[in-house]
Amino acid sequence: MKQIKEVHEAWKFYDDFILQSHSKRSQTTETGRWKNHISPIVGEKIINELTIYDLLELRKSLEAKKLSPQTIFHCLSLLRRILNRVVDYDPSVQVPKFRNVMPKFDNRRLRYLSKSEFDRLLNILKKKSKAWFDISVFAVNTGLRRGEIFNLGSENINDSDRNICILDSKTHKNRVVPLNGTAFKIISKNKNKKIFTFSAPKIFEQAVKESGLNDGIKDSRHKVVFHTLRHTFASWLVQDGVKLEVVSQLLGHSSLNITMRYAHLAPSQGKSAVNLISEKFE
């Protein structure tokens, strides 16, 4: 069994046996993080000699590049995954804990569209591209991620039960998503191997710009992007009284804690719950 001593050897092991099973997009992203940010700082270091100080030095170098807290987090997470895979391979290897090294931030997007805002966007998309009009309507009616939508094939569709099976999702959990009448009508029009074709992505961005939905907004977390349609799906459901557990299942969240970001949209549910106690005293 070949011994892995230096961090760059650990990366080679991770790249050969772990990363190659990921999507091409993930491979490109992870390789870029390693080559541009991690390797120059800790690539030549001996794994068993790594200390918290080395990790903090890496973080300091990333901050000096003016990288976002999220990018710094992803870089440190990649290094942690690389080292942990070596420990799985050789339990005698000792690696430092990352507990007090990871930056704390909240980079979640919470923006969702009102019905009038969505209609404004659709009116523009309808003139620009029928394909992106259908994709956007489908996204708001299913809550699917962009990657899930563009990976959909005819084999994912169950016509008799009117649902779609999402395989190999971001959370690595397969799930079945029911289709309402609007979504089923859109998906039924195209029985090709790939239901939607990811072409001319700038059309959606141009439509958002023309709609004025991002005018005056500087914080990226409040800007409308394609992922906003997924938040719109969830927000509308919660506002209409759908339980968070159901929304979590439809979205394919790894835990209910992630779905709790939408809890503030349903204050009436909390009032209804405590009123049940009051009724016992009447």
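Modeller: Helix 3 (residues 52-64) and helix 4 (residues 69-89) pack with their axes 10 Å apart and at an angle of about 150 degrees. Helices are DSSP runs (H or I, at least four residues), numbered from the N terminus; axes are lines fitted to C-alpha atoms over the stretch in contact, and angles run from 0 to 180 degrees between N-to-C directions. The model is predicted: local features need pLDDT of at least 70 and side-chain atom pairs pLDDT 80 or more, while totals for chains, interfaces and linings use all residues. Residues are numbered from 1 along each chain as its sequence is written, and side-chain values use heavy atoms, without hydrogens and water.

Colleague: Are helix 3 and helix 4 roughly parallel or roughly antiparallel to each other?

Modeller: Angles under 35 degrees count as roughly parallel, over 145 as roughly antiparallel, 65 to 115 as roughly perpendicular and the rest as oblique. The angle here is about 150 degrees. Helix 3 and helix 4 are therefore roughly antiparallel.

Colleague: How are helix 6 and helix 10 oriented to each other?

Modeller: The axes of helix 6 and helix 10 lie 7 Å apart, at an angle of about 40 degrees. The orientation of helix 6 and helix 10 is therefore oblique.

Note on methods. Helix = DSSP H or I, 4+ residues; strand = E, 2+ residues; numbered from the N terminus.
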